[in-house]
Amino acid sequence: MKKYGILVALMLLLQVVGTFTSVNAEQVTQLTLGTTFKNEITTDETEDVYSFTLEKPSRIQLTFKTYVDGYVGADLLASDEVTIIGSNNLYSEPNSPELVNRFYDLEPGVYYYQIRKGSGTGNYDLTVKATEYSTNEIEWNNSAIEAQSIKNDGTKQLGVITWNDDADFYKITIDKPSRVNFTFKSYIDDYVNAEIISSDEVTKVASNGIYATNASPNQWSNYVDLEAGVYYFKVDRASDSNTGKYELSIKATPFGIDEKEPNSGIDEAAKILPNGIKHYGLISWNDNLDYYKFQVNKTSKINVAIKSYIGDSVYLAVVNKDGVNQMANTYLYANSNSPNLWHYNGVLSPGTYYVLIEKTGDNTGKYELTISTKDTTPPTAPKVTKLSSQGKLISGKAEANSTVVVYLGSKKLASTIANSKGEFKLTLKPMKKNTKLSLYAVDTSKNKSKATTIIVK
Ligand SMILES: [Ca+2]
Ligand SMILES: [Ca+2]
Ligand SMILES: [Ca+2]
Ligand SMILES: [Ca+2]
């Protein structure tokens with residue numbers, strides 16, 4: 001009797017403070033989750049209100065079975081006690097019950113189930129089961145500004161889109177130009193939109209709509225090649241009935257390139273030496289063009305070699321000194337797993353030349369660039385500064401490091417290598433007076449000079 005008095009006082013207090021005026025309940029009964037509650041609508045008890053509390057994002061399974069002889073209304077209400085999450089108006093008879101049996105995905109909070117008398121009275125059963133989602137997301141994360149930072153090492157991110165939560169944003173920081181592999185596995189019933197957004201918080205890098213259900217998940221798995229920067233992964237539902245869980249993993253693998261951006265115009269062309277050293281570059285989602293320049297000091301044979309991993313194609317060109325005319329160009333087809341090679345070979349006069357690597361479509365990937373040179377200019381003819389009697393010693397100057405050879409007719413008599421200053425000395429067996437000898441200089445690229453003729457005294 002005393003206990004009952006306290007309960008009445010408590011209920012009166014609740015009514016006085018007006019907590020539940022909007023649901024207009026005579027009393028609110030706390031539901032035990034997972035337990036079937038049996039009650040009835042009578043001519044006196046025209047409205048029953050139940051509440052339940054979720055500590056974590058949960059999927060609730062709501063079962064309302066009515067034996068009322070006529071119409072009854074049943075609404076699931078949000079924490080504000082006003083907003084209707086789900087509404088039903090059911091007609092049944094005592095021997096022909098009607099059923100609401102469906103799930104809702106809900107954020108933590110207090111919810112209400114309100115049963116209202118319609119045209120009849122009678123019994124009903126109500127059961128709310130709740131299954132908590134295990135997530136590692138942190139709400140609220142519903143915009144780029146609120147985005148939750150996640151790792152890019154392939155760690156699995158678990159999230160939920162619910163009736164209350166229409167979007168999840170994750171922030172991804174890429175330190176170096178990388179291939180970013182991502183897998184988005186949706187259990188969201190039955191459609192959700194997922195996209196990668198650029199650091200401007202607007203531009204879409206990639207997007208996809210995924211159809212799935214909790215029982216048959218579906219995944220979107222792909223990669224994007226990105227420059228260093230901040231990006232977002234966004235999950236947003238199409239309607240408040242498209243809810244459920246998902247898994248997201250993002251793994252960034254740096255390309256290990258030595259290219260320095262910006263190099264996306266001829267004025268920004270990165271200077272490289274034609275020394276045969278390999279350079280590594282990238283055409284990415286953010287980057288459409290790479291320009292390089294190289295200097296030719298002496299007319300030389302130049303080799304430009306580009307090995308492309310860009311799928312499925314890239315445009316390549318070697319540009320003349322004027323910066324406009326392309327001396328050679330091609331579309332090169334390749335992919336990450338089967339690179340392809342293109343060569344340009346030509347004899348170039350002194351000047352500055354350019355190499356252009358240009359994106360086709362939205363094809364991205366890495367490439368290797370090597371520029372090497374071969375000297376095609378013959379040395380000048382050796383200059384003899386001293387010639388001893390009988391031709392026993394010949395000394396003079398020739399191109400540094402070139403090989404100086406002396407001939408009698410077509411017979412090679414001797415050879416020596418000029419030092420780094422170009423000085424050389426040749427020692428011969430004594431020759432008859434007036435013997436005619438020819439000297440040539442041959443450089444390291446096997447270019448041969450014109451002959452210098454000397455007459456033995
Ligand atoms: Ca969420
Ligand atoms: Ca959210
Ligand atoms: Ca570039
Ligand atoms: Ca680049």
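How many bridges join β28 to strand β29 (residues 393-397), and do the two run parallel or antiparallel? Four bridges join them, and the two strands run antiparallel. The views below come from a predicted model, in which local features need a pLDDT of at least 70 and side-chain atom pairs count only at pLDDT 80 or more, while totals for chains, interfaces and linings use all residues. Residues are numbered from 1 along each chain as its sequence is written, and chains are lettered from A and ligands numbered from 1 in the order in which they are written.

**View 1. The whole protein chain, with one helix and 34 strands.** Helices (H or I, at least four residues) and strands (E, at least two) are DSSP runs, numbered from the N terminus. The radius of gyration, taken over C-alpha atoms, is 42 Å for the protein chain, well over the 23 Å that the globule rule gives for 457 residues, so the chain is more spread out than a compact globule. That rule is 2.2 Å times the number of residues to the power 0.38. Along its principal axes the C-alpha trace spans about 145 × 40 × 35 Å. The domain assignment, which is automatic or taken from a database, gives domain 1 (19-132), domain 2 (148-254), domain 3 (266-375) and domain 4 (383-455), and the C-alpha centres of domain 2 and domain 4 lie 75 Å apart.

View 2. The pLDDT, which is the predictor's confidence in each residue from 0 to 100, averages 93 over the protein chain, and 94% of the residues score at least 70. Over residues 1-21, however, pLDDT stays under 50, and for this stretch the model has seven contacts beyond four places in sequence. Two residues are in contact if their C-beta atoms, placed from the backbone, lie within 7 Å. Among contacts between residues at least 6 apart in sequence, 70% join residues at least 24 apart. Buried residues make up 32% of the 457 residues, where a residue is buried if 20 or more other C-beta atoms lie within 10 Å of its own, exposed if 12 or fewer, and partly exposed in between.

**View 3. An open sheet of three strands in the order β28-β29-β32, with antiparallel pairing.** Two strands pair if DSSP finds at least two bridges between them. At the edges stand β28 (383-387) and β32 (423-427), each with a single partner strand, so one side of each is left without a neighbour in the sheet. Neighbouring strands of this sheet are turned by 25 degrees against each other on average, direction ignored; the axes are lines fitted to C-alpha atoms, and angles run from 0 to 180 degrees between N-to-C directions.

**View 4. Strand β3 (residues 47-54) and its links to β1 and β8.** Strand β1 (residues 28-30) runs parallel to β3 and is joined to it by three bridges, and the bridge partner of Q30 in β3 is S51. Strand β8 (residues 109-117) runs antiparallel to β3, with eight bridges between the two, and here F52 stands opposite Y111. Strands of a sheet pair through backbone hydrogen bonds, in either a parallel or an antiparallel manner.

View 5. Most residues other than glycine have a negative phi, and most peptide bonds are trans. In the loop between β5 (70-77) and β6 (84-92) lies E81, which has a positive phi of about 65 degrees although it is not a glycine; E81 is buried, with 20 other C-beta atoms within 10 Å. E201, in the loop between β14 (190-197) and β15 (204-212), has a positive phi near 70 degrees, and E201 is partly exposed, with 15 other C-beta atoms within 10 Å. The peptide bond from E139 to W140 is cis, with omega near 0 degrees, and W140 is found in the loop between β9 (122-132) and β10 (148-149). A cis peptide bond also joins E261 and P262, with omega about 0 degrees, and P262 has its place in the loop between β18 (244-254) and β19 (270-271).

**View 6. T121, in the loop between β8 and β9.** T121 is partly exposed, with 17 other C-beta atoms within 10 Å. Not counting residues up to four places away in sequence, T121 touches I41, T42, T43, V68 and D69. T121 and L106 are 15 residues apart in sequence and 31 Å apart in space, C-alpha to C-alpha.
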